[in-house]
Structure formats: C-alpha cells, structure tokens
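Please consult the sequence and the structure as each point is raised.

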Amino acid sequence: MTVQVREQRKTPLWRNAAFLKWTSQLFTLGVVVVFLGVLGKQAFANFGASGTTFDWGWLTDPASILLREGIDLNPDSGARALVVGAVNTLRITVTGILAATIIGTLVGIGRLSSNWIVTKMASLYIETIRNIPLLVQIFFWQAIAIALPGLVAADIGTYWFKGSNKGFAFAWVSWNGGFWPWLVFVVAGIFAARFLSRWRHRLQEETGQPAYPGYWAMATMLVFAVIGWFLWPILSFIEPVLHGIASFVDAIPPIVIPILIAAFSLIAAGAWIRSFFESRRTPAGFGKITDDDWFRVIFVAVSGIAVAVIAIALSGLTLETVAGDSLTIAELIRTGIANFFDWLGNGFASDGGQPLNFAKASVIQRGNFAQYGETGAVMTIPFFAVWFAVTLYTAAFIAEIVRGGILAVSKGQTEAAQAVGLTRSQYLRLIILPQAFRIILPPIGNQYLNLFKNTSLGVAVGFIEIVAVGSILMNKNGQTLPIVIVWMAFFLIGSLSISGVVNYYNRKMKLVER
Amino acid sequence: MTHKVELPEIPELAPEPPPSGPRVWMRENLFSTRASGALSILAILLALAIYRGLLGFIFASERRWDAVTFNARLLMVQAYPDAQMARIWLSIAIVAVLVAATLALYRVGGRTTPRKVGTGLSVFGGTIVLGGIVGPWGIESSPFGVASMSGFLGWVIVGTILLVAGYLLRTVPGERARAPSIPVLGVVLTTISVVLIAVWTISLPVPARDAAGVQIIALEPIAMTTRLPWTSIVALSVIVYYVMWVLRDRISAGLARSTLVGLWVASFPVIVLVILRDPDTDYGRVFTWYVPVALGFVVLGGLLLNFVASTKGELGRAIGAVLLIVAFASFAFPMEFLLRFLLLSLALFVLATPTFGGKGAGRTTYLWFWAGTVALLTYFLALITAPSTVEVAGTSFLGGLLLTVVLAVVAIVLSLPIGIILALGRSSTLPIFRLMSTTYIELIRGVPLITWLIVAFIMLPVALPRGVEVGGVARAVGAMTFFSAAYLAENVRGGLQAIPRGQYEASQAMGLTTTQTTVFIVLPQALRAVIPALVGQVIAVFKDTSLVTIVGLFDFLHIARLVIPSQTQPFNFLGVLREPLLFAAVVYWMFTFTFSRISMRLEKKLGVGER
C-alpha cells in the first residue's frame, strides 16, 4: 500500500503570520516614534531659537509670586508654589468627594422614594445640574457670591456663619499642640473598635441574640477619644523618637537610595518573570511559549533594567536648592524623607493646650477696612464657586449611579426581606444597599476621578490650584514643557491613587465565587 | 346520603374599580406614613421657596435682561457680518430640511395619548398659576413694563386657561384618552408654532436707531430681524416633511436612504467650509494644479487598484507596503500637501484591496469609492487653503453659539474613527498595538481637558515647523478631538466586549479574514450596542466645548461671561454678569436635555439594557 503524502512547502517569509504581525507592529511603532521625534526636535530647535532653554532650575529658584490662598501665600520656590496648588486641589477633591457622595446617595435614594414630591424634586435636581456645563455653573456661583454685600464697620463681631463678597466665614475647629498625640489615641481607638465589633458580630452570629456591634464600636472609639483628651501628654516620648529617625535617615550615605530603588525594580521584574514561567509549567514540562509571551517577558525585563539604570544615572544629577547649596537628587530624596520625619516630630512637640479648639468666625477692623479675623474658617469666593459647583455636579451623576445600582438589585431580594419581616429601613440598610454597593462602586470611582480632574477648572475663576499655579509660573519663566510634565505626573498619580483605593474596595466587596 | 345544595344565583359583575381621586392619590403618594407626610410638607415648602426665589431673581427690577436681548446676535454668531447673514440662514435651513427629510423617511416619532398631552399642559399651566400666586410681586414694575398686579393677573389667567385645556383634554375623550392618537411630531410642531407666534407678537426692549441714526431703546418684537427667516425655515421643513412622506412609498428606499446619509455627511463640511467660510478660491490654480493632479490620481490609481485586485498572491500587498513607505517618506521632503495626502490614501487603498476589492460590481463600487475619496480630499484641501472672504473683526469667522456647535460637531465626527481604531487596538491580540492604544487612552484620560487645551495653545505652536500655522479654532478642535477619542474608545471597547465569541468563530468558519470579520461582523454590532453611550459622549463633548473660553476663544460662554459684562458702548452693561450666565445655562441645558431624551429613546428602541 502506498500513501500519498503531499509535500509540505515551507511558508515563505511574506506569508508567515508571526513575521507579518511583528513587522506591521514594529513599523507602526517606528512611524509613531519618528513622528513624535520630529515634533520634539522641532520644539527644541524653536525653543533654542527663541532663547529659552529646557531646564528645571525654576523648581528651586525663588518664585517671587503671591498666591491668594493656600498653606503658603508667599512661596520661596517654584516647587513650593506647585505644592501649594496641589494641596488646594486635594482639599477640594477630598471634601468634594465626601460631600458629593453623601448628597448623591440621598438624592439617588430620594428618586426611588414612594413619596411623589421627593421623587420629582430629586429628578428636577439631577436633570438641571447634569445638563449644564460645569464651567457655566462655576461661573454662576462665582457671580452670585461676588454680588453679595461687602463687609462694613457695622459687621464687626463674631458669627456662626457670615457671607459677604469676601467669602464665607463659619465657626470651625482648629487643632493645637496636643492634636497629634490625641490622634494617636483616636487611631488606636479605631483599631480597638474594629476588633471589638468583629467579636460582637461573631457573638451575634453564634448565639442569634442581638449583640449591637455598631454601638460597641462607637462606644469604644468615644472612650478612647475621651481618655486621649486627658492622657495625651504621656505620648511626649514620640517626638524624640521621630527626630531620632530623621537624623538616622540623614546619616545614610546617599548612594544607598538609588541602589535600593534599582534593586527593588530588578527584583520586581525578576519575580514577575519567574512567576510567569512558573505559570507556564505543567507536569509535562514547560508549555508552549508563544512570541507574545516572549514579548511580555522581554518588555518586563527591559523596563526593570531601564528603571534601575535611570535611578542610578539620575541620582548623580545635582540641583541647586533654595538655600543655594548644590545637592544630588539622591541627597535631595534623603533630605525629603528626613524632613518628613522632622515635620512629624514637630507635630508631636506639644506646646500645651487642648487637642482641638472650637471658635466662632469673626469680623475685625484691619486698617481702614472690615475683614474676616483669624478665628473660625473662611472659604474664599473662588474656593466656594469651585467646591460648590463640582460637588453638586458630581452628586447629580452619583445619584443616577446609586439609583441604577439599587434598581439592579433583583426585586426578589426586597420581597424576601419583607417576607422575613424586616422593616423598610432595615432591608434597605442590610439587604439592598450592600448588594447595590457592589454594582455602584466602579462607576462611582470614575466619578471621583472626574471630580478630581474637574477641580482644574478652578483656573477659570482664579482658584489657586495646580493648573493655575502652573500657568502663572509658565508666564513667568516660559518653561512650558517641564510644567506640563509636572501637571501630568500630578494628575496621573492622583488618578492612580483614587482608582487604587476604589479597586481595593472593589476587590474586597466582590462576590466570592467558587 | 346526598342532599342538594341550592347555590345562590350570583350575577357576574365587573371588578370594582380601585379607589381613585385626588384625595386617594395624595394619601398614597404624599402622606402614606407620618414620616412621609412630614417629608412631603418640608419638600413642598422648600420647592415653593426655591420657585419664589427664582421668580424674584428673574423679575427683580434691577435685573438687566436687556444685556441679553440687546446682545442676542453677538451671543449667537459673534461678529458675523450683517451683509452675509444669509449664509447663516442657508446653513440652518439645510440642517432643518435634512432633519425633516430624515424624520419623514424613517417615520420617526410615534403617537402619544391625549392623556399625556393633557397632563403636560396642566402641569405647565399649573406652574404658571403657581408662579402668579407665590411670586414676590412687589409694587415696583419690572423693566418689561409689567406692573405687579397685572403681572399677577396675567399669569393666573394664562395659567388657568392652560390648566383647564389640559384637564379637558384628559377627561373629555373618555376612554379614548388612553389610546395613542396624537402624533408626537404634531405636538412638537404646535409648540414651535406657538413660539413663532410669540416671536411675532410679544414686544421687548431692543436697541434701535432713530431717524438721526442715534442708538435708542425701542419696544419691538425681539426677533424683528429674524422672525421672517425662522418662519420660512419652519414652513420649508414642514413642506419637505410632507413631500418626503408622500415620496417615501414611491421611490426606492435604499437609494433614498443612502442619498440622505450622503447628504448628511457632506452637509457639515460644506456648511462650514463653503457656506459660512466663503473661501476665495483661486480658479487658475485649481484648473492648473488641483484638477490635473486629482485626475491623474484617479486614472493611474484606479488602474493600479484594478491591477492589484486582479493579481493573485502577495504582489498587491508588496506594492501597498512600498507605497506606504514612500508616502511616509514624502513627509520628510518639501512637497505639496495634496500629493502627500493622495499618496497616503492610495497606499491605504492598495493595502485594503485584497479585503474589499472584490470582483465584478464590488470592484466597480470600490473604484468609484476611490475616485470619490480623491475628489473630496482635493476639494477640501483646495477649500481650506483658500483664504476666507468673510470679513470679521476677530481672527475667526466663527463665534458665539455657532462656534460652540461647530466645535462640538467637528470634534465628535473626527474623534469617532480615531476612537474606533483605538478601541480595536486596545482589544487586539497584537501586544505593541495594545500597548500603544492603552498608553494613549490612559494618558489622555488621566489628565483634565483644560491641560490638553493649554498644551495645544502654548506648546503646539512651538512644536510645529516654521511656516505651518494652526489657527485657534483648529487647535481647540484638535485638542478636543484627541481628548474625546480616548473616551469614545472606551465606550466602543465596551461594545466590542459585548460581542459573543460565537460571532468570531462563525465568521472564521465562513472563511472571512480578520479584517473582514472586524469590519463586516464585529463593528456593526458593537457600534449598535453602544449608540446610547455615544450620544452620552456627544453631550459630554458639547458641554466640554465651554472650556475653550479659558484659552480665549470667543465661544458662547466667553461672550456671556466676558464680552457682555465689559460693554460700555452703545449701552452700559458693565458688570452685568448673572443675567447672561443664566441665559447661557438655559441654552446649554436645552441642547443637552434634548440630546439626553434622544439617548433615552434610542436606548428603549434598541433594547440595550434589556438583553
């Protein structure tokens, strides 16, 4: 018997799938790189022709600008000014996220209420706010606020709340010397409360009797806070410890820091590659490793080595500090860490007094004008306009997400909860919202990101956030590219942190599937 | 033992209707529990307070609404010259006619019930009556010359008439009130007609010139100059609608639809580049350079495409690859932009021939498509390079609401293809494409739009070679396009992920190539699934256009916030800020609210959320 075997021809190169795939990809990558390279080269040439050079000196040069609000109104360097802007951005982001979440959840639940007028008002709020551009809203609130009457001599006195065209002042707590040690007590209280409430939960599940874990947790925290209020001076030993750490960090030779970074990057890349090969291992030996897999391995290896090389190469670069001495980047990082511990230690250096102080806002005479005093808190007009608009705007979107999430929980859950005799507030709190939360979380995380990015619109009303500070610096020194890089780094790091937190909770809340 | 049980004769009765009426309704919807009742009272009080405050704000005597009415044209088209206004009207008419034709051809718009229309009327009337009652009508008269008492009476009378009309519409037809009998478009048309009548009759203070040519304030219908064009456009649209309605059954539906789609696609560039911009075309150059080059490309390129389509093997791809490299290389040498673009598109067409070239009729279509592409590219390049003859004070002939709309439409239209390519790249199996797309999308989305606008306005001019200048509007369009593309890509990716695996496997079994699977099988389904999300993106882009005011373009918001409050001549509106801003908010709201309703309708029609 003869078997005809068709002759297997070798695939020619131009029909080889792997070859075509990689050529087309590399070709596209090349075109993009060349395009960006041409743009970059042109930019450098044009910069050079106009006399500005690309440098980072402005970070440490005296900024000589005055900022209208923030932790430092007269920053001594460009970097410091950017930090002021960043802190202002984060202020609005954090408070805005809290307020928008609360308002949004309430409105979202209100839209599903059985009460007709509450439903209608919630829909009206959402449909109005969501459909008007945020920038128009910011301008509108600013216009409303600056039309308020000014402060006059007759207004001098103290207030719980006072609005004028200089901003809004209200009674507020401020912290004093004992605040940080007291905070240690409070944090310890939170951990203790967590522990106790878990224990009570377990008890409740074992015995079936109500064990009130929530009340226990609250009472524990309260007890710790009250004890801490009186006992905080016993924590005075923390201050020398922190200063000790600071001086220890200062004594580390600077070369250690880039070596640590490089080592970490190499070890992480190595670990990833190792685990990748491990995952391809089968009892019969290694599985087939495709060209895609090789690409991944090479990519990780190259990035790991690149980070290590950059860390070591850049650490030798010297920068001039505000004080005038030259430091390498490694030394700068070291000083930064040491300064952080010093700052923390200074926080613990008590000057007596209560941890918290509550004070009403005041209007005082300064020179010829009536102005807000130092007590209480003052919200400037730009801050108010941005904060209020961004919060209301985000809350409208969050409300829709909350509504969708609640509706997505199957109706059977409500019926079952009613059948076992739970009241409306009980089944909302214990059955519906925990399940809705799982659906709601990812889109709400997106809204938090949007809120964070939307604070940058403050530049339009003169709110001193990072984009506004950057623009001021740009106009001053013409260093556009470095400032854009700083913006990008700030927003990317901020976005990544927010999505990191959201993803952490997302993973925690995820349905455990078998 | 059995005994008989006499069953009573029970007459068959209709089920008892559930209790109804306002009292029952209120008990069920407002005062079901004690807490709910308290909440209702609080909410009602709050709503009334807000309504009263709003009316008090709008009708306060110190409000300068004349800042808005006097500057209506500035807000709409900025400084578009008086003599050329006909161009604007022509553009609006084209869009209106196309909308009417589309509505007729696709039979858009269902029917609604008299009950719903009646409810709408009643609610509207009730709101007006309520305004008459709760409004803070003081003694002073408003700038519109409406005395307080007559204002109150007028409100109550008009509101009551509407309220009663709505009630009658709800109750008089009886059971028929629940049957869908009123066409939705009829309701829309009636509303538009009422607005038109108001425009013709209601007088408001507007600027005018007296016999000596001095600026004065006259009490005239606000839309004195625009009511005639508006009315004609509405009438024209109605006529077109009915003509198309009749024609629809007599002509080939496929042809009519493809013609309409073609007209829609062509309308926008024609409106912006030809009608509004009015380029001063140099015909000598057109006939000596553009036309010959285009003809050459059509003929020689067509021959090449035909040759490539009829060869077997890899020769076509090889030619395409060489052409592509030549086209890219052409950007490194001084050369006419027309040649570069035509070379690039020829290379892409050659590369796509094995996939789409086909045989027989398919190939003829493909060649026609090539000729059309060359013609369009040449035409628009010739238009763009010719200077505009519209003389305006600023740098751009676009401004006000016109600029806002143009920005939004161009950004959306241009970002759609980029977004689709990015989405395909991100869900591709090819790692470098995936990496590049992901980097682009995350980098763009991670940083706010205002940063990109600042980059486009400050960095781009520096990065471009000498001699290449990009105007402010083009820079804003560029930044918004690339920004919106990243968001669109994520939407489209959602649609791509929703395609079941079986679709890929089935098309592979049919012997389709990867490209054919993507273009003919996957993308149509994916795009259909994400239409509501895409409309959402349209809304987002429209709202985002307001950001260009920060970089100094004269868009709608810029005029409302910066131009009007700094006017001193001929009328003093210095510092008048809240009125134009509120007006701008209302206009933006009307656009976006309409879009969001369209999106909801589409969502229902496509049944996206229900699968």
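Q: Leaving aside neighbours within four places in sequence, with which residues is B:Ile444 in contact?
A: The model is a predicted one. In it, B:Ile444 has its place in helix H16 of chain B. Once neighbours within four places in sequence are set aside, the contacts of B:Ile444 are B:Phe482, B:Phe483 and B:Ala486.

Q: How far apart in space are B:Ile444 and B:Tyr487, C-alpha to C-alpha?
A: Along the sequence, 43 residues separate B:Ile444 from B:Tyr487. In space, the C-alpha to C-alpha distance between B:Ile444 and B:Tyr487 is 8.7 Å.

Q: Does B:Ile444 count as buried or partly exposed?
A: A residue is buried if 20 or more other C-beta atoms lie within 10 Å of its own, and exposed if 12 or fewer do. B:Ile444 has 18 C-beta neighbours inside 10 Å, and therefore counts as partly exposed.

Q: Which residues of chain A are in contact with B:Leu39?
A: B:Leu39 is found in helix H2 of chain B. B:Leu39 is partly exposed because 18 other C-beta atoms lie within 10 Å. Apart from neighbours within four places in sequence, B:Leu39 is in contact with A:Asn115 and A:Val118.

Q: Which helix gives the most to the side of chain B that touches chain A?
A: The contact takes 46 residues from chain B and 49 residues from chain A. On the side of chain B that touches chain A, at least two residues each come from H2 (34-59), H16 (431-446), H17 (449-463), H22 (556-563) and H23 (578-606) of chain B. The residues of that side divide into 33 nonpolar, nine polar and four charged. With ten residues, the helix that gives the most is H23(B).

Q: How are helices H8(B) and H9(B) oriented to each other, roughly parallel or roughly antiparallel?
A: The axes of H8 (residues 184-201) and H9 (residues 227-247) of chain B come within 10 Å and cross at roughly 160°. Angles over 145 degrees count as roughly antiparallel. H8(B) and H9(B) are therefore roughly antiparallel.

Q: How many of the residues in the contact of H8(B) with H9(B) are nonpolar?
A: From H8(B), B:Leu189, B:Ile192, B:Leu196, B:Val199 and B:Trp200 meet B:Arg227, B:Trp230, B:Thr231, B:Val234 and B:Val238 in H9(B). Of the residues in this contact, one is charged, one is polar and the nonpolar ones number eight.

Q: Which residue is the bridge partner of A:Gly163 in E3(A)?
A: Strands E2 (residues 161-164) and E3 (residues 167-170) of chain A pair in the antiparallel sense over four bridges. A hairpin of two residues joins E2(A) to E3(A). Across this pairing, the partner of A:Gly163 is A:Phe168.

Q: Which residue in E12(A) stands opposite A:Phe170?
A: E3(A) is also joined to strand E12 (residues 377-379) of chain A, through three bridges, and these two strands run antiparallel. The residue opposite A:Phe170 in E12(A) is A:Ala377.

Q: What is the average twist from one strand to the next in the open sheet E1-E10-E11 of chain A?
A: This open sheet has three strands with antiparallel pairing. Its edge strands, which each pair on one side only, are E1 (157-159) and E11 (369-372) of chain A. From one strand to the next, the twist averages 30°.

Conventions
Residues numbered from 1 in each chain as written. Chains lettered and ligands numbered in written order. Predicted model: local features only at pLDDT ≥ 70, side-chain atom pairs only at ≥ 80, totals over all residues. Axes fitted to C-alpha atoms, helices over the stretch in contact; angles between N-to-C directions. Parallel < 35°, antiparallel > 145°, perpendicular 65-115°, else oblique. Contact = placed C-beta atoms within 7 Å. Nonpolar A, V, L, I, M, F, W, Y, C, P; charged D, E, K, R; others polar. Pairing = 2+ DSSP bridges.
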